[in-house]
Amino acid sequence: MKRFGLILSLLLTGTLLFVLLPISVRADGDEPSGGDEPEIVTPVVMEAPETITEKDDIGYTTIKEYDYPPEDTEGETAPVTLQGLLDKAINEDDSVLVQINIADGTYNIDCPLVIYSNTFLNLSDDAKLVRATDSGLLLYAQPDSGDMATIGGYDLAKNIFIEGGSLIGNAAASQNYNGPVRFNHCNNIIIRNTSFSDSIGHMLNVSGCKNVLVDSCTFSGFVKYGGTSEEFYMGPFSEDKVISRHRSIEAIHLDFMNAEGEDDLYLLDGTGPSNIVISSCTFEGVVRGVGTHHLSSDIKGTDITIKDNTFRSVKTACVSLYSYSNVTVSGNTCSDSGFFLITEDVSDLVISSNRISGMITEDDPINQIVNPLYLIDATNVTVEKNEISGCDKDDPSRAINANILVQKVDTITFTENKSENSTDNAVLVKESTNVTFNNISSEKKNDFTITGGENPISVYDSDAVIGFEEINGSFYCSNSSIKLYSNTINGRVNFSDSPSFVAENNVITTKKVQAININNPAGPVTFKDNTISTSECENAAYIKSKGQKIILSGNSFSSNVSKNYIYVEDSDSVTIESNKMDIRGASAEQGISVNDSTVTIKDNSVSGCTKYGLYCKGGAKITATDNTFTGCAVNLTSATVTFTGNKVDASSQNTAIILKDITNSKIDNNDLKYGREGIYLNNCKDSSILNNTYSGEYKTWYYAESNCSNNRYPPKPSSPDVTGTPASPTPPEPTTPPVDDDSASFGGFVERLYNVALGRPSEEDGKNFWVANVSAGNLTGADCAKSFLLSPEFLSKNMTDEQFIGILYQTFFARNYKDDPEGTAFWLNSLKVAGKDTVVDGFINSTEWCNICASFGVRSGATRAKATIPSANAKAFAERLYTCCLGREAEQEGLMFWSLALTNQETSGSDAARLFFESGEFTGFGLNDREYIKRLYTTFMGREADDGGLTFWLNSMANGATRNDIFNSFVASPEFTEICKSYGIRK
């Protein structure tokens with residue numbers, strides 16, 4: 001016969017209490033609160049006692065041993081029953097241990113056995129206690145005296161030990177919801193080397209107990225409920241039968257003695273489990289392994305340890321932890337099961353050194369789509385040295401979207417874990433704070449890989465620090481604050497709507513997608529000192545951000561991309577500084593490409609582009625200083641630019657800098673090398689191009705193709721002649737002798753400009769310059785007036801719009817603007833919409849200006865007579881733009897401006913539509929891509945979008961087409977051509 005092989009580490013005094021349950025009453029009352037399926041949670045560690053044999057070492061003075069079946073019944077008045085032997089512990093004092101040795105054999109128990117305090121039930125290996133009734137318990141604890149419904153805390157019974165043998169629920173044909181063994185409100189329970197099997201309910205219920213060790217036991221033989229109650233429904237899921245209580249039956253049940261956890265046969269005083277150790281046990285074919293499945297409203301279980309167990313073919317969760325604190329789950333092995341671990345309302349949780357693989361994928365009606373680790377609503381969690389291999393099966397209905405799912409967790413650290421074979425994510429984090437992947441100082445890496453998906457780590461609505469990781473796939477975050485340090489990422493970095501993002505010292509290697517995708521973050525982004533290698537994709541880095549500060553600094557790009565290293569669009573505060581871009585394979589068109597954005601570009605090194613080291617378009621506002629562009633030109637189109645102190649070595653190409661459709665820009669102090677000309681200009685106005693150094697084969701420093709005015713140039717390197725107009729009305733040398741200041745002469749005309757435009761008398765040299773050029777026919781009155789009104793001296797006055805219009809009235813109309821309120825309103829609105837250059841042109845083409853110039857004998861410079869009343873067709877087209885694009889009626893000033901501009905062919909239908917779509921009012925709508933395309937259909941097609949067309953354009957944008965690209969396609973459509981034709985306007 002086996003001897004007692006247990007010792008209590010903590011042998012506390014207390015009174016053991018339990019009551020016999022009527023056959024008709026189920027063994028627990030753990031209906032989920034409100035009828036809802038509970039969420040998920042996690043456990044802590046109690047060391048197993050060492051085995052000893054001496055009674056003095058376990059605190060007893062006397063051990064009274066009894067054998068069953070009894071070898072000698074002499075002196076007994078009746079045969080001794082097993083219950084009779086158990087009853088011998090009643091009223092013994094705490095110095096006596098009653099040890100009952102049960103021999104090999106099968107014993108059918110037709111009435112529940114009651115066990116009392118200070119009892120050791122010692123079963124031989126082949127001893128089997130079999131429940132022989134269809135209902136009721138096999139074994140439960142009861143107090144020596146008193147009503148068990150009135151005894152709470154841990155005082156119902158104490159010091160109960162079970163070792164060896166088998167406790168069999170015999171529930172194969174049962175229609176009742178009962179488990180075989182139940183101890184509640186007890187203190188100091190040790191169960192070792194015992195087999196539990198054949199149960200519908202919990203195989204071992206130790207709810208509301210303290211100091212419990214279950215060691216080296218087996219739990220198997222779950223039996224599906226065979227009754228008719230839908231509460232325990234086990235058939236296929238449907239809308240009204242998805243939640244079955246049977247799905248939540250733990251083999252070892254660790255619940256709370258309250259209304260949420262147990263039934264009212266006990267005192268429901270809120271007692272929770274405390275100091276529980278489940279170690280070296282095997283769970284196979286059960287519904288759930290260890291824990292509970294609903295929250296406690298008034299207390300937490302404490303000090304729970306689940307370690308070194310084996311879980312096989314567990315239908316739902318191996319470990320389910322709800323409302324626990326100080327929990328350790330370590331060294332366990334899980335295979336072919338549902339969840340390994342689920343938590344809710346858990347604190348101080350350690351999940352360590354578990355091995356998890358082969359999660360359930362077959363169509364089991366009590367299982368759902370699972371995540372091996374499912375951590376919800378937890379605080380202070382450590383996840384370390386675990387190995388998880390989920391399921392890479394092709395059936396999407398059984399797919400594992402994440403091996404580790406973290407939601408609503410505060411403070412969690414991942415260290416030295418390995419995860420592979422999940423469908424979408426190795427780790428998915430949602431709504432959590434203080435998430436750390438590795439201690440930043442330790443460099444102990446996790447290894448997160450996935451099969452069939454894209455993002456090993458995904459973070460939503462959280463804040464996380466991720467350091468020293470090997471991420472074999474992409475990293476994705478949304479609406480999260482992220483610090484990404486010193487990782488190796490074999491995929492892209494993709495984040496959107498994030499309140500803050502910092503990525504430093506990472507190595508990023510990706511293929512076919514952007515390495516960096518910054519798309520509308522909700523806060524600042526810093527991408528610093530990273531090494532980026534990409535191939536087979538359009539852009540290495542993509543940036544789109546309104547209202548947030550984006551910094552790319554100190555990064556090294558060594559990539560083979562088809563378009564750009566860095567592409568920025570629709571952004572208003574981007575800094576690109578001290579980056580190195582070395583194109584390999586000479587496939588990239590541009591180093592840095594900027595579309596409709598405000599960007600600072602400083603101290604970067606760009607080489608090897610097939611087209612441009614820097615390419616700007618779409619109204620970009622660029623400050624580029626101290627950059628080096630080697631083997632590539634710079635193209636600044638449709639932009640406002642400060643380009644100073646840069647080195648452009650485009651000697652292999654024709655031109656160093658291309659300037660097209662720019663105004664109010666500064667291209668100064670650059671070092672330019674080129675094959676044909678240093679700077680090419682087309683439609684460039686009011687810009688400074690000074691103090692650059694030029695070296696090239698043909699020594700041509702610039703070539704101005706058309707429509708370039710009011711730019712400030714230095715003398716050409718080959719000639720001292722003055723080209724264009726001077727930077728201010730004061731030239732260095734007069735070209736002709738002074739002339740008389742007769743009021744009807746050229747001198748009077750020039751003096752008038754000084755007095756009206758600049759508010760001061762002329763200086764002699766300046767006046768002589770202007771008179772000489774006007775009299776020689778080199779300059780018209782318009783040329784002179786524009787030079788005065790757009791000169792640095794005039795602009796330095798920093799006039800308001802109203803003051804500026806007032807000066808124009810005096811200069812070109814010789815009258816006070818306040819006497820013409822309606823006209824003033826028109827010009828003020830025009831100034832806001834079209835800018836100073838266009839408004840000045842409007843005044844120059846007026847009849848009044850032509851008359852003023854004629855009075856001085858000066859050519860006016862007016863291009864042609866302009867209509868002052870718009871045509872009906874032009875007005876109708878302008879009204880259509882307001883309605884289709886802005887969705888409102890036109891205001892009178894705006895309608896008059898656009899109608900006249902279209903009538904006088906100062907703008908085309910395409911250009912007018914573009915300005916409407918790029919206006920602050922339209923962009924302020926914040927339309928998504930779908931709504932933007934629908935607005936294009938209404939404006940350019942005159943109809944609603946069809947489903948096929950809408951899908952086509954959305955797919956185009958998803959594949960990299962910009963809004964500007966889509967806009968241009970609609971402008972070029974035959975439908976818009978016909979619309980313009982029907983209104984009689986220039987397309």
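1. Basis. This is a predicted model, in which local features need pLDDT of at least 70 and side-chain atom pairs count only at pLDDT 80 or more, while totals for chains, interfaces and linings use all residues. Residues are numbered from 1 along each chain as its sequence is written, and side-chain values use heavy atoms, with hydrogens and water left out.

2. Overall make-up. The chain has 17 helices and 65 strands. These are DSSP runs numbered from the N terminus: helices are H or I with at least four residues, strands are E with at least two. Of the 987 residues, 54% are buried. Buried means under 20% relative accessible area, exposed over 50%, and partly exposed in between (1.4 Å probe, protein chains only). Among contacts with a separation of 6 or more, 63% join residues 24 or more positions apart; a contact is heavy atoms within 4.5 Å.

3. Cysteines. There are zero disulfides, counted as pairs of cysteine sulfur atoms within 2.5 Å. Cys209 is in none; the nearest cysteine sulfur, in Cys186, is 4.6 Å away. Cys209 is buried, at 0% relative accessible area. The sulfur of Cys884 is too far for a bond, because the closest cysteine sulfur, in Cys885, is 8.5 Å from it. Cys884 is also buried, at 14%.

4. Lys158 and Asp94. The structure holds 19 salt bridges, each a side-chain nitrogen of Lys or Arg within 4 Å of a carboxyl oxygen of Asp or Glu. One joins Lys158 and Asp94, at 2.5 Å from N to O. This pair links distant parts of the chain, 64 residues apart: Lys158 is in strand E9 (residues 157–163), Asp94 in the loop between helix H1 (82–86) and strand E3 (96–102). Lys158 is buried at 4%, whereas Asp94 is partly exposed at 40%.

5. Other salt bridges. Arg312 pairs with Glu284, with closest N and O atoms 3.1 Å apart. Arg312 is in strand E22 (residues 310–312) and Glu284 in strand E19 (residues 282–284), so the bridge ties together parts 28 residues apart in sequence. Asp820 and Arg815 form another, at 3.6 Å. Arg760, Glu763 and Glu793 are linked in a network of salt bridges.

6. Ser775. This residue belongs to helix H3 (residues 764–775) and is partly exposed, at 41% relative accessibility. A polar atom of the Ser775 side chain lies 3.0 Å from the backbone oxygen of Ala772. The C-alpha atoms of Ser775 and Phe746 are 6.8 Å apart, although the two residues are 29 residues apart along the chain.

Notes. A polar contact is a pair of N or O atoms within 3.5 Å; within protein, one must be able to donate a hydrogen and the other to accept it, and residues adjacent in sequence count only if both atoms are side-chain atoms.
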